[in-house]
Amino acid sequence: MPRTHYQVLVIGGGNAGLSVAAHLLRRKPSLVLGIIEPSDKHYYQPAWTLVGGGAYDINKTVQPEAKYMPKGADWIKDYAEEILPDQNTVVTRSGDRYTYDYLVVCPGIQLDWHKIKGADRWLGTNGITSVYTFKTAPYTHQCITSFTGKGKALFTAPNTPIKCGGAPQKIMYLASDNFRRRGILRPDMVHFYSGGSIIFSVQKYAETLLKVCNRYQIGLHFLHNCVEVDGDNKVAYFEAKQGDTVERVAVEFEMIHLTPPQSAPDFIKRSPLAVPNDPLGWMEVDKHTLQHPRYPNVFGIGDVTNTPNAKTGAAIRKQNPVLVENLLYCIEHKTTTIPQPKTYNGYGSCPLITGYGKLMLAEFDYNNQPQETFPFDQGKERFSMWLLKKEVLPRLYWHAILHGRMQG
Ligand SMILES: Cc1cc2nc3c(=O)[nH]c(=O)nc-3n(C[C@H](O)[C@H](O)[C@H](O)COP(=O)(O)OP(=O)(O)OC[C@H]3O[C@@H](n4cnc5c(N)ncnc54)[C@H](O)[C@@H]3O)c2cc1C
């Protein structure tokens, strides 16, 4: 008889799910743990920006999921469809029901392409691209190298939280550097249209980024949210906010890099675990302990939660030991009350690529205060940090992080 009850049930076997499960089983090999994960493949998404810039092989960003399933975990190859926390039950798409003592929720983030009219139809053709999908990351490089400079190159960021908030800019800087090296870069060519109001939330790093924009003569347009793309006529439409008014603005392009609006997966939005009345439906957790405030035998980690940190794999690395410690306390003491919980300070990191061979490693906490690792000024662009991103971090990911090592 296949097992239907788990001491710990994990939803999602991505960066967070695999690394937490592996860490838990390392600490307590006797745990009865199951992971609900539908995908055969596991992706190293942070390298997709490099792929878009032509500096990384897309095939090196994907591995079989089976290779990284922790020993001792049951792989439930299905979608979680409904969470019934009052019954400690998860129902899958195929209708199976699993019960749990403790639940760890980490199905990542949802790309809401439907919020940009025409994106579903045009993405991957007519100069319309994105590094946010495995399929179109390589096409981004094609768009950059075939760009003639006769028209504009547009780069968008939405008005919702996104995974890797720096990615829309990283690909723009790589493209600009490519145009500069080919001698076609000129003013009024590269434009950043962002639904946000500032270039970066941490002042120290924002200052460097504004200099980088200046170097590439990038036009900055804040509070402009992309809502439609027309591949036939190569026009993008934005809702531009000014005070209380919203104006529709049309901009012609030769190429456009789209960053999709994002939200929690729909099955989380409609579950009792979501923040009440939040249209983006993030899963509610205490931002320090990662425990659900209303269902204390439920924990959340990674992109899906409402914690106001930068949604990155780097954040997960710091969240992981906090969740594991707090959850193991609960399991060992058969409780959901943790007298002295381990806490997460909102650490997130963004390796901001600013050109080929150039990277500024931003690291910061909930208060947007830098939390830097290295004993030098990380507010500067450096070749050593480019090597860290391109050569070191992918190896750490596949060989240590996913195995529950290198956490914290
Ligand atoms: C272009 C790009 C650049 C990035 N750059 C960086 C970077 O430089 N540094 C950095 O630290 N981070 C970066 N990130 C962010 C990083 O990849 C994510 O923050 C990280 O993968 C989040 O981990 P997660 O486990 O929450 O989600 P994911 O790793 O996305 O995993 C979610 C898992 O849940 C599964 N799932 C989905 N729905 C269900 C369901 N219904 N039931 C069960 N399972 C489900 C999925 O199949 C998937 O395996 C980047 C991301 C992108 C896209």
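This is a predicted model: local features need pLDDT of at least 70, side-chain atom pairs count only at pLDDT 80 or more; totals for chains, interfaces and linings use all residues.
**Exercise 1. Describe the shell around the ligand: which residues come nearest, and which elements give two or more residues?**

Step 1. The ligand has 36 residues around it, and Gly12, Gly14, Ala16, Gly108 and Gly302 come nearest.
Step 2. Two or more shell residues come from each of helix H1 (15-27), helix H2 (48-52) and helix H8 (313-332).
Step 3. By residue class, the shell holds 20 nonpolar, 12 polar and 4 charged residues.

**Exercise 2. Characterise helix H9: what is its span, where does it bend, and which of its residues are buried?**

Step 1. H9 runs over residues 383-399, which is 17 residues. From first to last C-alpha it reaches 24 Å, close to the 24 Å expected at 1.5 Å a residue.
Step 2. The helix bends by about 40° at Val392, and the proline Pro394 follows within four residues.
Step 3. Met385, Trp386 and Lys389 are the buried residues of H9. Their cover includes strand E20 (348-355) and strand E21 (358-364).

**Exercise 3. Classify Glu207: is it buried or exposed?**

Step 1. Glu207 sits in helix H6, residues 203-215.
Step 2. Glu207 has 12 C-beta neighbours inside 10 Å. The cut-off for exposed is 12 or fewer, so Glu207 counts as exposed.
Step 3. For its position relative to Arg270, 63 residues apart along the chain, the C-alpha separation is 40 Å.

Methods: Residues are numbered from 1 along each chain as its sequence is written. A residue is near a molecule or strand if its C-beta atom, placed from the backbone, lies within 6 Å of it. Ala, Val, Leu, Ile, Met, Phe, Trp, Tyr, Cys and Pro count as nonpolar, Asp, Glu, Lys and Arg as charged, and the others, Gly among them, as polar. The expected span of a helix is 1.5 Å times one less than its number of residues. The bend at a residue is the angle between axes fitted to the seven residues ending there and the seven starting there. A residue is buried if 20 or more other C-beta atoms lie within 10 Å of its own, exposed if 12 or fewer, and partly exposed in between; C-beta atoms are placed from the backbone. Two residues are in contact if their C-beta atoms, placed from the backbone, lie within 7 Å.
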